[in-house]
Amino acid sequence: MLLGWQGCFSFPLPSPSYYEVIDMCKIELNTKTLAAFIASFPKTLKDMRIMAAGARIAVEVAYAHYYVRKSEPATVHQEGALHITALDKVTKFLKAAKGDTVVLRQTSPTKPLHIESGSNKLQLPSSDDIESANKAPIVRNIVEACANSGYSSFGEYELSAHATLMTTDLIALGGMKSLIAKDSQYKARIHCGEGEFGIVAGKASSGRIFSTIEVIDSDGPSATVQSHFGEWLPECLAYLDDEGTRLHMGDNAPLVFEQNHTTLVIVQEADV
């Protein structure tokens, strides 16, 4: 049974709040860079809210199985928010565009979104209801509280084990999930004393997959700490950047990954 974000609170979740944008938001990026940034999110994503501030953009996505936040350096001409309601069309435009850079601008989340690259322009209708971001402010509060605690807890869950590892083999698991039964349970475990993080899934009768990764700078008990996940685990691991990551986990608790430009939380199964 999926636990979901409700299990991280001892009180009902509040309704999500929306960003109020008064002035026009305008950003500029390398066309291929923006295309790659969007492609690093789930392929099934239909919409996206881009927040622009300082010299970077950030996108948060939150669903029952996971929360992911990614950032990317950008030229921010005017800070604010951009709402993309037809992400597939934006992706197609960026792939076809020949201009080196792309400019996105919007006067408010409910006004049309304008995209320009070279001599080509795309205008799309918008909405203040971005499904992929609706739960993001709620989960962000939990993530920030987790960071402020020194990653000692995530909501009501203790995070007792911490380590640094490379993500290459974790990302590769996404391409191996078809090798085992679709309803397979995934067990993620870490043993700080042995310096290993591992994932195992499947059944001996139909096939199993194993992944064992060396960890460094570990901090936790010299005993096994583990959580269980459903079929969403390998897909969510693919949202990590191919570089080092700091991992925080506990017994029957979410997996929390922090990287230079990506924060990922994967929700565990309950009642295991």
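Partly exposed, as I use it here, means a relative accessible area between the buried limit, under 20%, and the exposed limit, over 50%. The model is a predicted one. With a relative accessible area of 24%, Y63 is therefore partly exposed. Y66, at 7%, is buried.

Now the rings. A pair of aromatic rings is described by the distance of the centres and the angle of the planes. Searching the whole structure gives three aromatic pairs. In one, Y63 and Y66, the ring centres are 6.1 Å apart and the planes are at 50°, so this pair is tilted. Y66 also pairs with Y239: there the centres are 5.2 Å apart and the planes at 55°, so that pair is tilted too. Where do Y66 and Y239 sit in the chain? Y66 is in strand β4, residues 66–73, while Y239 is in the loop between α5 (232–237) and β18 (244–249), so the pair ties together parts that are 173 residues apart in sequence. Both Y66 and Y239 are buried. Through these ring pairs, Y63, Y66 and Y239 form a cluster.

Next, helix α2, residues 87–96. Which residues of α2 are buried? They include L87, V90, F93 and L94. Those residues span an arc of only 120° around the axis, so they sit on the same side of α2. K92, K95 and A96, on the other side of α2, are exposed. As for what covers the buried residues of α2, the list includes helix α1 (31–39) and the strands β2 (48–53), β6 (80–84), β7 (101–106), β8 (113–117) and β9 (120–124).

How values were computed: Residues are numbered from 1 along each chain as its sequence is written. This is a predicted model: local features need pLDDT of at least 70, side-chain atom pairs count only at pLDDT 80 or more; totals for chains, interfaces and linings use all residues. Side-chain values use heavy atoms; hydrogens and water are left out. Rings of Phe, Tyr and Trp (its six-membered ring) pair if their centres lie within 6.5 Å; planes under 30 degrees apart count as stacked, over 60 as edge-to-face and the rest as tilted. Buried means under 20% relative accessible area, exposed over 50%, partly exposed in between (1.4 Å probe, protein chains only). Helices (H or I, at least four residues) and strands (E, at least two) are DSSP runs, numbered from the N terminus. The arc is that of the directions from the helix axis to the C-beta atoms. Contact means heavy atoms within 4.5 Å.
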